[in-house]
Amino acid sequence: MFARLALCSRLPSRIRQSNVCPVSTRGYSQAKFVLPRPHGKSFAHRSELKQAKRIVVKLGSAVVTRGDECGLALGRLASIVEQVAVLQNQGREMMIVTSGAVAFGKQRLRHEILLSQSVRQALHSGQNQLKDMSVPVLEARACAAAGQSGLMALYEAMFTQYSICTAQILVTNLDFHDEQKRRNLNSTLHELLRMNIVPIINTNDAVVPPPVPNSDLQGVISIKDNDSLSARLAVEMKADLLIALSDVQGLYDSPPGTDDAKLIDIFYPGDQQSITYGTKSRVGIGGMEAKVKAALWALQGGTSVIIANGTDPKVTGHVITDIVEGKKIGTFFSEVKPAGPTVEQQTEMARHAGRALASLLPEQRGEIICCLAELLTEKKDEILSANRKDMEIAAGRLSQPLINRLSLSTAKLNSLAIGLRQLAVSSGNSVGRVLRRTRVANSLELEQITVPIGVLLVIFESRPDCLPQVSALAIASGNALLLKGGKEASNTNKILHQLTQEALSIHGVADAIQLVSTREEVEDLCKLDKMIDLIIPRGSSELVRDIQRAAKGIPVLGHSEGVCHVYVDSEASIDKAIDVVKDSKCDYPAACNAMETLLIHRDLLRTPIFDQIIDMLRTEQVKIHAGPRFASYLTFSPSEVKSLRTEYGDLECCIEVVDGLQDAVDHIHKYGSSHTDVIVTENEETAEQFLQLVDSACVFWNASSRFADGYRFGLGAEVGISTARIHARGPVGLEGLLTTKWVLRGEGHTVADFSEQGSMKYLHETIPVPQGNFN
């Protein structure tokens, strides 16, 4: 060890202090150097873990060793070393508390024993045929003695790939209880960290005595295993964060694998009574109870703690870096208990109340929606006051299109109220509607009826008017709803949610709609696949794409972009063309159904209709970008477009020239987003071809693209516009938030009755369903 330290200390200072890693780190973000923070108080929220400067990573035996317990899990260990190297090269101070010496030594000793036995047998028998050889039970301390050097050599070789020096430190309980030894250990570790060296610490299992139960000193944890060692070390070194990696996802309220066992996201001191512990892992001498005890002791000493899974192949390659980035992984130990429920608790509350909502009569759900509509107009002064606060905070921070979406007005609120009342009337035709009825056989009838989807998660940016819209649709369809709004609209969202719950309370289902106000990341919400049935994003194309990537097991309803086209045909009316283009682009440029690309038939260039369209766009102060073909026709053209797939969301648009109908359709299919596309022409045959050929959710003839809206379609409201090709497409209103179930009513029928020897035959007769028929 001293030779190694001497080698490291002789390195030039510019190398020792370098934070540049010459080896690829697989895309991990290289954050700014982290400044040390005052120690003494642990982090209150996961999002603060990015500030952690000094970090202890504890690798449990189950993480380091192979499944056969003889040898190390080299691939897993390599990915962990890479993550530690990334964080070290970001300017953090990393320390590792590792197991594995016993397993590595067991592998070496088994090999030596088997080799020795084979040689002896060969000498005695004089031939190569060997008898079955048994390996005696190996003593753990002997295994540790044989494995320490090999384990350290492995760590050294791996970290060398990242130009990082390591140093081994073996400790026992006495090193912490003897004051002089404790000071020496502290001094050594601080010097190693100062030299940018990663200390690798382990209990000296070659000489350590067996753990003594209940041997903790007053207020001080004893070193019984690497859990207690990592906790004691973290507090001694005033570490900001202790990451304890094991073979389970974190702390559960009952043993993992048992019925109803739930992973605990945040664990608070005092919650121990609510936990039932299971058996310890397949290797190691600790267990979850020991981990919790050590974690709480470290937390009390000012170090934040997370217990997470270091063996899951899906996350091992980024579990440590994800934790430091504040992602929702494992169990986070915190001394600060939030005032409200966790998002998991909110989801459970919403699901429970949502079932009660679905069981209400259609008229009762309609009453709730009408009450919400009344509250929007009655409380408009309070709503607009809250919105002004959000606008003041957003001024200078958000782009103008986002500011426009954030803004509410009396007119907007009145329009919302009208849409909600319209929805209340149609809400009677929703849950429990019979779609199909079949007589399968005599006295055996089958029905297909509409039912709610379950729990919806709607994530929206800068659009507070979205909250009452989707809330009303959830109420009408009998769905529970979880809302996650952008922080830029927090004041407005808060009062709108309060009014929504006030309306729901008239029939005792206020909890059916929940507003997530905790610091939950969108990516973490997308992992609640056992609690959420459908995600509906409302916001930028970037937000939608991020959610689609993050939601592995939950369907996502929506569209990533609104690249809408208006094609002006050679037989277009001048007046209609100008009106449609102007309204499509200028009515509300930030909307997803606003025109982004104007396609002009080439025969219209240098004609009065083309000139008038250009003059109108200039008058409306629309910035024009020229497509490649359009630019080629002009001597002095506007700036050439960077991409024909751009969604501007502002008073900007692209103009491109096409040869005719088929060329326009091909352009739309290549560069569009399957949202809304329009043709302006007086030729009915051309128009009908366009409507049939264009594969978009909405296709219009001589009408503005801005009509692509649930309210304008008579749906009352919409949760968004879907460009998907299954379930729902276009503006998604009430119908898009329902699914179906099959109800079969018999009189003791069995499948055997319909076999060759049975007495019954299938009829499969369609029974007419009267309009308005409900189950």
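Visitor: Which strands does helix 9 lie across?

Guide: Helix 9 (residues 226-236) lies across strand 1, strand 2 (93-98), strand 3, strand 4 (198-203) and strand 5, and runs at about 135° to strand 4. Helices (H or I, at least four residues) and strands (E, at least two) are DSSP runs, numbered from the N terminus. Axes are lines fitted to C-alpha atoms, for helices over the stretch in contact, with angles from 0 to 180 degrees between N-to-C directions. Contact means heavy atoms within 4.5 Å.

Visitor: And what am I looking at, in terms of the model?

Guide: This is a predicted model, where local features need pLDDT of at least 70 and side-chain atom pairs count only at pLDDT 80 or more, while totals for chains, interfaces and linings use all residues. Residues are numbered from 1 along each chain as its sequence is written, and side-chain values use heavy atoms, with hydrogens and water left out.

Visitor: Back to helix 9. How many of its residues are buried?

Guide: 11 of the 11, so helix 9 is largely enclosed by the rest of the structure. The buried residues include D227, R232 and E236. Buried means under 20% relative accessible area, exposed over 50%, and partly exposed in between (1.4 Å probe, protein chains only). Just after helix 9, K238 takes a positive phi of about 55°.

Visitor: What's the strand order in the open sheet of 8 strands?

Guide: The order is 3-4-2-1-5-7-8-6, and the pairing is mixed. Strand 3 (166-171) and strand 6 (266-267) are the edge strands, each pairing on one side only. Two strands count as paired if DSSP finds at least two bridges between them.

Visitor: How many bridges join strand 1 to strand 5?

Guide: There are 5, with strand 1 (residues 54-59) and strand 5 (residues 241-246) running parallel. V57 faces I243 of strand 5 there.

Visitor: Which residue is the bridge partner of L456?

Guide: L481, in strand 12. Strand 11 and strand 12 (residues 480-485) pair in the parallel sense over 6 bridges.

Visitor: Where does S462 sit?

Guide: S462 is in the loop between strand 11 (455-460) and helix 17 (466-477). Its phi is near 50°, a positive value in a residue other than glycine. S462 counts as buried because its relative accessibility is 2%.

Visitor: And S674, what's its phi?

Guide: Positive, about 60°, although S674 is not a glycine. S674 lies in the loop between helix 24 (661-671) and strand 19 (676-680). With a relative accessible area of 19%, S674 is buried.

Visitor: Changing topic: how many aromatic pairs does the structure hold?

Guide: It holds 4. In one of them the ring centres of F610 and F630 are 5.8 Å apart with planes at 70°, so the pair is edge-to-face. F610 is in helix 22 (residues 608-619) and F630 in helix 23 (residues 628-632), 20 residues apart. Rings of Phe, Tyr and Trp (its six-membered ring) pair if their centres lie within 6.5 Å; planes under 30 degrees apart count as stacked, over 60 as edge-to-face and the rest as tilted.

Visitor: Are F610 and F630 buried or exposed?

Guide: F610 is buried, and F630 is buried as well.

Visitor: Which residues does Q422 touch?

Guide: Leaving out residues up to four places away in sequence, Q422 touches Y711, G714, L715 and G716. Q422 and L715 are 293 residues apart in sequence and 7.8 Å apart in space, C-alpha to C-alpha. Q422 belongs to helix 16 (residues 410-426) and is partly exposed, with a relative accessible area of 30%.

Visitor: What pLDDT does the protein chain average?

Guide: It averages 85, and 86% of the residues score at least 70; pLDDT is the predictor's confidence in each residue, from 0 to 100. Over residues 1-32 the pLDDT is below 50, and this stretch has 50 contacts in the model beyond near neighbours in sequence. Residues 281-285 are also below 50, with 16 such contacts. Where pLDDT is low, the predicted coordinates should not be read in detail.
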